[in-house]
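Hi,

Here's the structure I promised to pass on. Have a look at it first, and then read my notes on what turned up.

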Amino acid sequence: MSRKAGTDPAKLATDAMWLWAESWYVIAMRSWMIMAGDPRAQREANRMVAEKVRAAAELSFMAMTGSLGVGDKAVERTIEHVGRKVTANRRRLSKGK
């Protein structure tokens with residue numbers, strides 16, 4: 001299989017690893033909030049579930065319409081799409097508001 005210009009397997013692997021690490025950080029922050037009985041915990045749990053459902057629907061639509069592309073490009077765009085949401089959650093939760 002020929003590789004299209006611009007796709008780098010090492011970069012995809014590194015981006016996926018960083019997404020994994022950042023995702024676990026967000027999970028840990030949410031878990032501590034829930035375990036500590038933070039008054040915002042219920043709202044955060046509801047938000048978390050709603051975000052997951054919405055993200056799955058968005059990615060499904062993107063895949064069905066072809067906007068993700070194929071092969072490595074689809075992987076790259078998926079990581080970018082999910083990564084933006086995870087980063088936003090990390091920043092929001094890190095503020096402690």
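Let's start with helix H2 (residues 41-65) and helix H3 (residues 71-95): their axes come within 11 Å and cross at roughly 165°. Helices here are DSSP runs of H or I with at least four residues, numbered from the N terminus. The axes are lines fitted to C-alpha atoms over the stretch in contact, and angles run from 0 to 180 degrees between N-to-C directions. So H2 is roughly antiparallel to H3 (over 145 degrees counts as roughly antiparallel, under 35 as roughly parallel, 65 to 115 as roughly perpendicular and the rest as oblique).

Before going on: this is a predicted model, where local features need pLDDT of at least 70 and side-chain atom pairs count only at pLDDT 80 or more, while totals for chains, interfaces and linings use all residues. Residues are numbered from 1 along each chain as its sequence is written, and side-chain values use heavy atoms, with hydrogens and water left out.

Back to that pair. (Ala, Val, Leu, Ile, Met, Phe, Trp, Tyr, Cys and Pro count as nonpolar, Asp, Glu, Lys and Arg as charged, and the others, Gly among them, as polar.)

Next, H1 against H2. Their axes come within 9 Å and cross at roughly 145°, and the crossing is left-handed. H1 brings Arg30, Met33 and Ile34 to the contact, and H2 brings Ala41, Glu44, Met48, Glu51 and Lys52. Those residues split into 4 nonpolar, no polar and 4 charged.

How do H1 and H3 pack? They sit at an angle of about 30°, with axes 9 Å apart, and are therefore roughly parallel to each other. This crossing is left-handed, and the contact has 12 nonpolar, 5 polar and 7 charged residues.

Definitions and conventions:
Helix = DSSP H or I, 4+ residues; strand = E, 2+ residues; numbered from the N terminus. Left-handed = near helix turned anticlockwise from the far one by under 90°. Contact = heavy atoms within 4.5 Å.
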